[in-house]
Amino acid sequence: MGNVAVAVDVQGFYATAYPLPDLQGFVPIIPTRALDTRSGVGAPKAPLGAQASLRVKVTGLGGVPVGASAVMVNLTGITPTVNTRLYAYGFIGAGISGYPTISLSPGQVRPVLAVLPVTSDGYITVFNAAGTIDVLADIQGYYFDTRM
């Protein structure tokens with residue numbers, strides 16, 4: 001017998017009213033790749049450069065319908081050339097918040113699960129702060145806003 005160390009990271013929670021009363025329940029889908037800069041899925045086949053962004057179409061993939069308000073995405077940064085931060089967001093013109101979606105060191109591979117708003121035309125955006133990096137985005141499901 002031995003000892004085992006366990007770490008648990010809470011990613012979020014589901015609520016019926018607070019804090020997002022107008023978002024209906026999560027609709028899971030078979031995970032669907034929306035972006036892979038290594039193979040050219042959803043973007044050109046090239047690492048994402050410094051201070052560069054990619055708009056990624058998410059509606060119409062894996063059953064995500066037009067009108068979805070948000071998507072749950074497993075975002076993975078792969079082997080950046082320098083310390084960097086990836087920011088993922090959905091609002092056109094919203095700009096980049098002070099909080100990165102994921103931070104990486106050179107050569108690191110790191111995923112993060114994020115719920116991102118979808119633009120009215122069905123896109124999310126991924127922005128890279130520094131160096132070059134390959135990026136994957138796998139859609140896990142979607143939400144609807146009942147106000148729409």
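Q: What is the relative accessible area of Phe 26, and how should I read such a value?
A: A residue is buried under 20%, exposed over 50% and partly exposed in between (1.4 Å probe, protein chains only). Phe 26 has a relative accessible area of 23%, so it is partly exposed. This is a predicted model, in which local features need pLDDT of at least 70 and side-chain atom pairs count only at pLDDT 80 or more, while totals for chains, interfaces and linings use all residues. Residues are numbered from 1 along each chain as its sequence is written, and side-chain values use heavy atoms, leaving out hydrogens and water.

Q: How many aromatic pairs does the structure hold?
A: Rings of Phe, Tyr and Trp (its six-membered ring) pair if their centres lie within 6.5 Å, and the pair is stacked with planes under 30 degrees apart, edge-to-face over 60 and otherwise tilted. The structure holds two such pairs. In one of them, the ring centres of Phe 26 and Tyr 143 are 5.3 Å apart and the planes stand at 50 degrees, so this pair is tilted. Phe 26 belongs to the segment before β1 and Tyr 143 to strand β8, so that the pair links parts of the chain that are 117 residues apart. Tyr 143, at 10% relative accessibility, counts as buried. Tyr 87 and Phe 127 form a tilted pair too, because their centres are 6.1 Å apart and their planes are at 55 degrees. Tyr 87 lies in strand β4 and Phe 127 in strand β7, 40 residues apart, and both are buried, Tyr 87 with a relative accessible area of 9% and Phe 127 with 11%.

Q: How many strands are there, and which of them form an open sheet?
A: Helices (H or I, at least four residues) and strands (E, at least two) are DSSP runs numbered from the N terminus, and two strands pair if DSSP finds at least two bridges between them. The protein chain has eight strands and zero helices. Four strands form an open sheet in the order β2-β7-β4-β5, with antiparallel pairing. The edges are β2 and β5, each with a single partner strand, so one side of each is left without a neighbour in the sheet. Within this sheet, β4 and β7 run antiparallel and are joined by four bridges, and Ala 88 stands opposite Val 126 in β7.

Q: Which strands does β8 pair with?
A: β8 pairs with β1 in the antiparallel sense over six bridges, and there Val 27 stands opposite Tyr 142. β8 is also joined to β3 by nine bridges, again antiparallel, with Gly 77 opposite Val 135. Nine of the ten residues of β8 are buried.

Q: Which residues touch the most other members of the largest nonpolar core?
A: Such a core is a set of buried Ala, Val, Leu, Ile, Met, Phe, Trp, Tyr and Cys residues joined through side-chain atoms within 4.5 Å. Here the largest core has 28 residues, and Leu 35, Val 71, Leu 75, Ile 124 and Val 135 touch the most other members. Each of the strands β1 to β8 supplies at least two residues, and β8 gives the most, with four.

Q: Where does Leu 75 lie, and what is it in contact with?
A: Leu 75 lies in strand β3 and, at 2% relative accessibility, counts as buried. Leaving aside neighbours within four places in sequence, its contacts (heavy atoms within 4.5 Å) include Ala 88, Ile 102, Arg 110, Val 126 and Val 135. Leu 75 and Arg 110 are 35 residues apart in sequence, while their C-alpha atoms are 8.4 Å apart in space.
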